Amino acid sequence: MNRLSTAPAPRPEALARDAADLQAAVSDLVRIYQFRDRDRICCHDISVTQCYALETLVRFGHMRLSALAERLFLDKSTTSRVVGTLVRKKYVAQRTDPTDARATTLSATREGYRLYARITDDLLEQQKQLLQDLDPEVRAAAIEVIRRIAQAADARFRAGVANADGASCCAPEDKTGAGA
């Protein structure tokens, strides 16, 4: 059985403390990586968002704009602008969908694959430097924890659960108790 899933249920106060600690740690990590990515990716003449779009097409193959927008958690118009730039730079190709002539599919071009490989090699070098002083077991456990948290967060986000009571954090608060 997986060591990470066999822990007893935490006490509410311990869970609250751990949630606060996780929020602080993730916030620090995301902020650092956002700036690192901006500095390391933008020198390749694409934005971080464009790189995420290219990465998605490299990893998952050709797809329609709506599928790419969903994977990137962006609206279709923003995704269309991102893709438009990648098409102009010849990193992405846009073709008529063979199953529906009204739609198009997107795919990474040979140039797109090459660019993505250069960016990835650069970022992986940095990851190696971060991991080199950790024991192999610690590295494996850290990767597994990050992967599981990312999967759980993705599932909750896609399910539309904004917080513990299921209310959207952006919805106006109902002060009457009558609901929306």
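Helices and strands are DSSP runs, numbered from the N terminus. In this predicted model, the protein chain holds six helices and three strands. Along the sequence they follow the order α-α-β-α-α-β-β-α-α.

The mean pLDDT is 84, and 85% of the residues reach at least 70. Among the elements, helix α4 (residues 76–88) has the highest mean, at 97. Helix α1 (residues 12–41) has the lowest, at 84. Over residues 161–168 the pLDDT falls below 50. Beyond near neighbours in sequence, the model gives this stretch five contacts. Residues 171–180 also stay under 50. For them, the model has two contacts beyond four places in sequence.

The next values describe the whole protein chain. Of its 180 residues, 22% are buried. The exposed surface comes to about 13000 Å². Carbon and sulfur atoms supply 56% of that surface. Contacts were also sorted by separation in sequence. Among those between residues at least 6 apart, 54% join residues at least 24 apart.

Ser107 lies in strand β3, which spans residues 100–108. Is Ser107 buried or exposed? Its relative accessible area is 18%, so Ser107 counts as buried, the cut-off being under 20%. The side chain of Ser107 makes a polar contact with the side chain of Arg95, at 3.4 Å. Arg95 is also one of the residues in contact with Ser107 once neighbours within four places in sequence are left aside.

Technical notes:
Residues are numbered from 1 along each chain as its sequence is written. This is a predicted model: local features need pLDDT of at least 70, side-chain atom pairs count only at pLDDT 80 or more; totals for chains, interfaces and linings use all residues. Side-chain values use heavy atoms; hydrogens and water are left out. pLDDT is the predictor's confidence in each residue, from 0 to 100. Helices (H or I, at least four residues) and strands (E, at least two) are DSSP runs, numbered from the N terminus. Contact means heavy atoms within 4.5 Å. Buried means under 20% relative accessible area, exposed over 50%, partly exposed in between (1.4 Å probe, protein chains only). A polar contact is a pair of N or O atoms within 3.5 Å; within protein, one must be able to donate a hydrogen and the other to accept it, and residues adjacent in sequence count only if both atoms are side-chain atoms. Accessible areas come from the Shrake-Rupley method with a 1.4 Å probe; for residues, only the protein chains shown count as cover.
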